[in-house]
Number of protein chains: 2
Amino acid sequence: MVSQAEQSAKPHVVIVGGGFGGLYAAKALGNSATQVTLIDKRNFHLFQPLLYQVATGTLSPADISSPLRGILGKYRNITVLMEEVTDVDPESKKLMLRGRELDYDTLIVATGVSHFYFGNDHWKTTAPGLKTVEDALEMRRRIFVAFEAAEKESDPENRKAWLTFVIVGGGPTGVELAGAIAELAFNTLKSDFRNIDTTEAKILLIEGMDRVLPPYPPELSQKAAEALVRLGVTVQTQSLVTNIENNIVTVKQGDEVQQIPAQTILWAAGVKASAMGKVLEQRAGAKLDRAGRVMVDPDLSVPEHPDIFVVGDLAHYAHQGEKPLPGVAPVAVQQGKYVAKLIHQRLAGTTPTPFRYDDAGSLAVIGQNEAVVALKSLKLTGAIAWFIWIFAHIYYLIEFDNKLIVMIQWMWNYFTRNRGARLITGESSLVSVDVDADGNYAAAAPNKSPVEV
Amino acid sequence: MVSQAEQSAKPHVVIVGGGFGGLYAAKALGNSATQVTLIDKRNFHLFQPLLYQVATGTLSPADISSPLRGILGKYRNITVLMEEVTDVDPESKKLMLRGRELDYDTLIVATGVSHFYFGNDHWKTTAPGLKTVEDALEMRRRIFVAFEAAEKESDPENRKAWLTFVIVGGGPTGVELAGAIAELAFNTLKSDFRNIDTTEAKILLIEGMDRVLPPYPPELSQKAAEALVRLGVTVQTQSLVTNIENNIVTVKQGDEVQQIPAQTILWAAGVKASAMGKVLEQRAGAKLDRAGRVMVDPDLSVPEHPDIFVVGDLAHYAHQGEKPLPGVAPVAVQQGKYVAKLIHQRLAGTTPTPFRYDDAGSLAVIGQNEAVVALKSLKLTGAIAWFIWIFAHIYYLIEFDNKLIVMIQWMWNYFTRNRGARLITGESSLVSVDVDADGNYAAAAPNKSPVEV
């Protein structure tokens, strides 16, 4: 074990956030001539690309999460702190935590983004987003409660609203959610109910641009849309959600306005920078883009603050006038590793080169045997793409402890087409099919002193 | 699909509760000449014997749960209803649900039991019990938050309180929890922290009787206690908890009174019948025992109500002056199957024989390679007992969809000694290490507007 004196002689790198950017920076600094503190308010790293599988009842939260201490415990120079950062003072190089301070020599901010409702934060209750484990379990609860409520509903209009699922946003998350819910309705749950036919469910994917997966090559967007339609999803592009009220979604497509009654509305559109962006703006004079992301220098540092770096989704990195890099895991991983290397280079007295993103390609999954893959010039769809998608994800999970279980779980689901994790849990886990006076989704039903079952 | 007319001609069996008793009754009535409705307020069957593994971070809730519709969907004569029962009217043979009624010909009540605090229900917040998935996740959260809080605590006394785990009740659940927490502290988490030595944790198992596992043969209780001590648990028998206040447990052993400061207190003592017991007392004149369980006739029916049966933990079945059967899964399974068979026999005009419990033996696990097994005259301990315990549980899980995953998970944990599911989640998942003015555990820390990490 390194003594305190020895440790304090080493430069102290503080990393805020244990997502892909922060975690890979920490790993790359493991057992190096630095002292590292990784701060996260959660005690685990979340493999976010698979979070939609938790939301739709295929995987459990622990299948896609790894305890940060478990991953980093072996590096004796790394301390994990389950804490919250409230402020930063670049002058004195101090980080403010709840009730105490922490000195740093180098600061890496990797706090990511959350959902953005385009100024309509009150839609959040009706249309939850998907960023945390709790978000995923809430989505899962709503999806499965909807089928239960439909089963009990005698009014055909209300039943239709319970069987209508609106997914707002046609990016990878929206496409994955829509595909998974379609598989639930048209396959997994088909024989489970007595009063409803789950294949009557309507799954509507709404996208503002002219195609789903806008950042992907157009022909793959086309293939993805076709695959969604095959699965039973209604894809509606060039459509904007202008209102969500009383569980009615107002959708504007050109001049046409639709009112869609839907009890389950899922939000997969828009990102907003985490609050650390604003903190860096105020304290370090950082420039933010419209989404609140921090504009970084070519070496990912905050301009005029060579000891403060921003990596991952919170960083706005635009290389020579190009579009900013997308908020995906590979960018965050490469940026985290880059900054770790840069710190080593500075310690060694060598001059670092600017960050360059090595784009290995894009992947999105639509359903069983349905995926789209764009690897540089190679474009694939269907079962081959699906297997590439599976193995790409397993490859990333390999580094932690979950690979085996998740692979088995997928194989199992693949052959049985089953979804074992469709539990309705949480504090409002009683079938709260009640709709309040305004017709809104009643998140927690009033307790009518029922008998404990 | 059976038509409504055909269905209504068949006797309608209503089962309340989807635990072991209710589920096995339903399965045994599947595809028979009855119409069956199974009511549960949850949408899944919970394999409760493994719930402590969810509480201690080895398994996920979905690993030990199976959607009721998934299990029963193949039986076309069974309808699953996610609902709550509020009352029953034996005169008109009606069951009252939230906002509607249901007619029955035969009623099977299998609503189980919850924890009992011996009249001290206010201890519940400080010392949660273990019956539901939510209970398990709350225990898990507290156990892992305790280590995180200890890591941050500078005061030695407070740190000691965070590293003290008191388990009240030395039955199978208490023994399993104590063993699992000891394995966490002395093994899994050993290298994870920097400021604390987790092997300094104190795990205290308190039992009122003169030995742990009181219903088991005395020599096995002795072996279990020895195994617990080997794992690092302090076993204290003939001790009663007389107060829990300000996170101090008052324990009385003979004339000696101890005050134990402990931030994590887990309740594994005492059961209380679910509210359906009281309902049957009021409506059907049922006699209840001291725990509120329903005294049943030799055929498990409520006296003078041959069409109302009680099975599982809620039933008090004492065969010819013997002690009542214990509240364990095999009893509930056999009782559920028995009542299903009795219904078939009545329909066939044959005379049922009284219920007889076929006791295959008792099992309890203490830790890795440590278990005790009493099979009729055969008594086993150590690794052999542990493997019997594993396979007995896998055998029960086989009937549903979880066997494979859980087996793999166990194998994985067995070889790696890892616990991947040690996530701190839930609404109060922020490190709420704050203790309120009275020194009590602050379940939800006041939000100090921290930065989103």
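**Close-up views of a predicted model**

**View 1. Helix α7 of chain A.** Helix α7 of chain A covers residues 172-188, 17 residues in total, and reaches 22 Å from its first C-alpha to its last. That span is close to the 24 Å expected at 1.5 Å a residue. The helix is mostly covered, with 15 of its 17 residues buried. The model shown here, as in every view, is predicted.

View 2. Chain A holds twelve helices and 25 strands. Of its 453 residues, 51% count as buried. Among contacts in chain A with a separation of 6 or more, 63% join residues 24 or more positions apart. The domain assignment divides the chain into domain 1 (4-41 + 83-115 + 272-348) and domain 2 (121-269 + 361-416). The C-alpha centres of these two domains of chain A lie 33 Å apart.

**View 3. The loop around A:Gly129.** A:Gly129 sits in the loop that runs between β10 (113-115) and α5 (133-152) of chain A. Is this glycine buried or exposed? A:Gly129 counts as buried, because 24 C-beta neighbours lie inside 10 Å. Leaving out residues up to four places away in sequence, A:Gly129 touches A:His115, A:Asp135 and A:Trp267. A:Phe165 is 36 residues from A:Gly129 along the chain, and their C-alpha atoms are separated by 14 Å.

**View 4. A:Ala136 in helix α5 of chain A.** A:Ala136 belongs to helix α5 of chain A. A:Ala136 has 26 other C-beta atoms within 10 Å, so this alanine is buried. Which residues does A:Ala136 contact, leaving aside neighbours within four places in sequence? They are A:Leu51, A:Val54, A:Ala55 and A:Leu130. A:Phe391 lies 255 residues from A:Ala136 along the chain, with 23 Å between the two C-alpha atoms.

**View 5. Two residues of chain A with positive phi.** Most residues other than glycine have a negative phi. A:Asn31 has a positive phi, near 55°, and is not a glycine. A:Asn31 is found in the loop between α2 (20-29) and β2 (35-40) of chain A. With 12 other C-beta atoms within 10 Å, A:Asn31 is exposed. A:Lys93, also not a glycine, has a positive phi of about 55°. The loop holding A:Lys93 lies between β6 (85-89) and β7 (94-97) of chain A. A:Lys93 counts as partly exposed, because 17 C-beta neighbours lie inside 10 Å.

**View 6. Helix α5 of chain B.** Helix α5 of chain B spans residues 133-152 and has 20 residues. From first C-alpha to last, α5(B) reaches 29 Å, close to the 28 Å expected at 1.5 Å a residue. Of the 20 residues of α5(B), 16 are buried, and the helix is mostly covered.

**View 7. Helices α2 and α10 of chain B packed together.** Helix α2 (residues 20-29) and helix α10 (residues 329-348) of chain B pack at an angle of about 35°. Their axes are 7 Å apart. The crossing of α2(B) and α10(B) is right-handed. On the α2(B) side, the contact residues include B:Phe20, B:Leu23, B:Tyr24 and B:Leu29. On the α10(B) side, they include B:Ala332, B:Val333, B:Val339 and B:Ile343. By class, the contact of α2(B) with α10(B) has twelve nonpolar, four polar and two charged residues. Among the residues in contact are B:Lys337 and B:Lys341 of α10(B).

Note on methods: Residues are numbered from 1 along each chain as its sequence is written. Chains are lettered from A and ligands numbered from 1 in the order in which they are written. This is a predicted model: local features need pLDDT of at least 70, side-chain atom pairs count only at pLDDT 80 or more; totals for chains, interfaces and linings use all residues. Domain bounds come from an automatic or database domain assignment. Helices (H or I, at least four residues) and strands (E, at least two) are DSSP runs, numbered from the N terminus. The expected span of a helix is 1.5 Å times one less than its number of residues. Axes are lines fitted to C-alpha atoms, for helices over the stretch in contact, and angles run from 0 to 180 degrees between N-to-C directions. A crossing is left-handed if the near helix is turned anticlockwise from the far one by less than a right angle, and right-handed if clockwise. Two residues are in contact if their C-beta atoms, placed from the backbone, lie within 7 Å. Ala, Val, Leu, Ile, Met, Phe, Trp, Tyr, Cys and Pro count as nonpolar, Asp, Glu, Lys and Arg as charged, and the others, Gly among them, as polar.
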